[in-house]
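Here's a quick briefing to read alongside the model. Grab the viewer and follow along topic by topic.

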Amino acid sequence: MAFDEAGKIWFNGKIVDWKDANIHVLSHVVHYGSSVFEGIRCYSTPRGPAVFRLKEHVKRLFNSAKIYRMDIDYSPEEFSQAVLDTIKINELEECYIRPVIFRGYGQLGVYPLKTPLECVIAVWGWGKYLGEEALEKGVDVGVSSWRRMAPDTMPNMAKAGSNYMNSQLAKMESIFNGYDEAIMLDYQGMVSEGSGENVFLVMDGVLHTPPAASSLLPGITRNSIIELARDLDLEIREEQIPREMLYLADEVFLTGTAAEVTPIRSIDKISIGTGKKGEVTEKLQKTFFDVVEGGVDDKYGWLTFVE
Ligand code: PPE
């Protein structure tokens, strides 16, 4: 992942140069992690750049803000337009979009409502999240010793910056243990999600994924895969998943804006299925890329064209 420092950033309604998009070290967010954010992708399509599920991402951003009592100065429509404007001004065909809303500079102290809310939209090229080969060959993951937050500790449905301290612990542990990524369990010991992805498994032709109550971020890619699977007449079960079911599954894969649809070839050094990308994963991955890259008709209305 490389930033293009010649780029422009949307900062509180103004377009500023990359180097001028700065905040003070005493900003509330620096001390207490008071931010909510999104990760969105814009794909190059035959009809020009298109943002995947913009409306749903903006909705989730506003929902995350609501949970933390953040009153955004813009409407979802204005914010969506700002995303499109930022892509346009940066003249990007394809990019990752990172809106972030945070509590800024004013005063410190845990009570946050006396600090101004700052809104930022940055865009840059972000290639394959888990490496170039990941989408074809799959990744090796380990079940983390770190659990996802219990429901009465931190709200997992908010995409809050502070939740990613938990993700960082799991991710670092997985890398130090020689894996590509971590899968975390929830407070009950049931499968939850990856450090930055949702998880699916295929067993006897049925697609399984943990429910929202398993302490996870309800991913927009996860929702898209469920929709696509339904259209492919696959049976889908959103039910709690015990850890060992991961080992016994025929196929396991991760979904996320950054990770897209990434097969898993081993978990805790146990080979999954054939150890290669499975048939169902292949079919869902292909269908997903056909839709996002505009290779097929956008019958779901998931693409917003930049122009
Ligand atoms: N769970 C977590 C914890 C998560 O961070 C993501 C996205 C998902 C599930 C999948 O959600 P969705 O993108 O709506 O399908 N992770 C974002 C941030 C990754 C990062 O490293 O930063 C992303 O994929 O953009």
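The sulfur of cysteine 119 sits 19 Å from the closest cysteine sulfur, which belongs to cysteine 95, so that's too far for a bond. A disulfide here takes a pair of cysteine sulfur atoms within 2.5 Å, and by this rule the count comes to zero. Keep in mind that this is a predicted model, where local features need pLDDT of at least 70 and side-chain atom pairs count only at pLDDT 80 or more, while totals for chains, interfaces and linings use all residues. Residues are numbered from 1 along each chain as its sequence is written, and side-chain values use heavy atoms, with hydrogens and water left out.

**Cysteines**
- Cysteine 119 has a relative accessible area of 4%, so it goes down as buried (under 20% relative accessible area; exposed is over 50%, partly exposed in between, with a 1.4 Å probe and protein chains only).
- Cysteine 42 is buried too, at 2%.
- The closest cysteine sulfur to that of cysteine 42 is in cysteine 95, 4.5 Å off, and that's too far for a bond.

**The ligand**
- There are 22 residues around the ligand, and Tyr96, Tyr129, Tyr164, Thr221 and Thr257 are the closest (a residue is near a molecule or strand if one of its heavy atoms lies within 4 Å of it).
- Tyrosine 164 has a side-chain N or O atom 2.5 Å from an oxygen atom of the ligand.
- For threonine 257, a side-chain N or O atom is likewise 2.5 Å from a ligand oxygen.
- Arginine 60 puts a polar side-chain atom 2.8 Å from an oxygen atom of the ligand.

**Helix H2**
- Arg60 is among the buried residues of H2, along with Leu54, His57, Val58, Leu61, Phe62, Ser64 and Ala65.
- H2 covers residues 54–67, and its end C-alpha atoms are 20 Å apart, which agrees with the 20 Å that its 14 residues should span at 1.5 Å a residue (the expected span is 1.5 Å times one less than the number of residues).
- Helices (H or I, at least four residues) and strands (E, at least two) are DSSP runs, numbered from the N terminus.
- After H2 comes arginine 69, with a positive phi near 55°.

**Helix H8**
- H8 (residues 279–292) has 14 residues and reaches 20 Å from first C-alpha to last, close to the 20 Å expected.
- Buried in H8 are Val280, Thr281, Leu284, Gln285, Phe288, Phe289, Val291 and Val292.
- Looking down the axis of H8, those buried residues fall within an arc of 160°, so they line one face of the helix (the arc is that of the directions from the helix axis to the C-beta atoms).

**Glutamate 260**
- Glutamate 260 belongs to strand S15 (residues 260–267).
- Its relative accessibility is 1%, so glutamate 260 counts as buried.
- Beyond four places in sequence, its contacts include Phe288 and Phe289, as well as Arg41, Tyr43, Lys128 and Thr221 (contact means heavy atoms within 4.5 Å).

Conventions: A polar contact is a pair of N or O atoms within 3.5 Å; within protein, one must be able to donate a hydrogen and the other to accept it, and residues adjacent in sequence count only if both atoms are side-chain atoms.
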